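Please look over the sequence and the model before reading on.

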Amino acid sequence: MAIYNLDAILNRYSNEYLILDFNHLFISSSIREEVWLLRRKPDMALVEEIMREAKEFGIYDMNEDKDFDTYSGGQKAILGCLLTLAVIRSQEIHGLKLLLNNVLDSLSDDNRSKLLTKFEEIRSTRHIRLFSGEKNQIQEIALKNEN
């Protein structure tokens, strides 16, 4: 199965994975709106957490209402992952299988490493498993702290 075909991925994997697709990271135009849609209420503490973490990736010009279209592809991928991680923590979600479809490929080695470290931090406490498309198949990403 080709990993780039989103319809096929959704049809085949959406019951088993939360899918974060590089070409469809957000449904709104800003981080404030995205948080509002996910939380069903304003949550500036969550928005501020994401903006604070974005600075670790060199995204210094972020604000809660900045249009996603003004960010680079890599910055959008980072923000999508940071948003996902923040919601997992705030909602105390456990046992999730997260499929990053073409997301990690858009990042520099340094940013990919930083992002995977953030996923490592929640893996053991939240039992989050991370997957990606490799060799036209879905494969689990081995995180550093796994036994």
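Where does E92 lie? E92 is found in the loop between helix 4 and strand 2 (97–101), where helices (H or I, at least four residues) and strands (E, at least two) are DSSP runs, numbered from the N terminus.

## Basis of the model

This is a predicted model, in which local features need pLDDT of at least 70 and side-chain atom pairs count only at pLDDT 80 or more, while totals for chains, interfaces and linings use all residues. Residues are numbered from 1 along each chain as its sequence is written, and side-chain values use heavy atoms, with hydrogens and water left out.

Most residues other than glycine have a negative phi. E92, however, has a phi near 50°, a positive value, and this residue is exposed, with a relative accessible area of 53%; exposed means over 50% relative accessible area, buried under 20% and partly exposed in between, with a 1.4 Å probe and protein chains only.

N102, in the loop between strand 2 and helix 5, likewise has a positive phi, near 60°. At 23% relative accessibility, N102 counts as partly exposed.

## Aromatic pairs and charges over rings

Rings of Phe, Tyr and Trp (its six-membered ring) pair if their centres lie within 6.5 Å, and planes under 30 degrees apart count as stacked, over 60 as edge-to-face and the rest as tilted. By this rule the count comes to 3 aromatic pairs. Y17 and F131 form an edge-to-face pair, with 5.0 Å from centre to centre and 80° between the planes. This pair links distant parts of the chain, since Y17 belongs to the loop between helix 1 (6–13) and strand 1 (18–21) and F131 to strand 3 (residues 129–134), 114 residues apart. Both Y17 and F131 are buried. The rings of F68 and Y71 have centres 6.4 Å apart and planes at 45°, so the pair is tilted; F68 is buried at 4% relative accessibility, and Y71 is buried with a relative accessible area of 5%. Together with F26, the residues F68 and Y71 form one aromatic cluster.

A charge sits over a ring if NZ of Lys or CZ of Arg is within 6 Å of the ring centre and within 35 degrees of the ring normal. The charged end of K97 sits over the ring of Y17, 4.6 Å from its centre, and K66 lies over the face of Y71, at 4.6 Å from the ring centre.

## Helix 3 and its cover

Helix 3 (residues 44–55) has 12 residues and spans 17 Å from its first C-alpha to its last, close to the 16 Å expected at 1.5 Å a residue, the expected span being 1.5 Å times one less than the number of residues. Its buried residues are L46, V47, E49, I50, M51, E53 and A54, and what covers them includes helix 2 (31–39), helix 4 (73–90) and helix 5 (109–126).

S29 lies in the loop between strand 1 and helix 2 and is partly exposed, with a relative accessible area of 29%. Leaving aside neighbours within four places in sequence, S29 is in contact (heavy atoms within 4.5 Å) with K66, D67 and F68. S29 and K66 are 37 residues apart in sequence, yet 7.8 Å apart in space, C-alpha to C-alpha.
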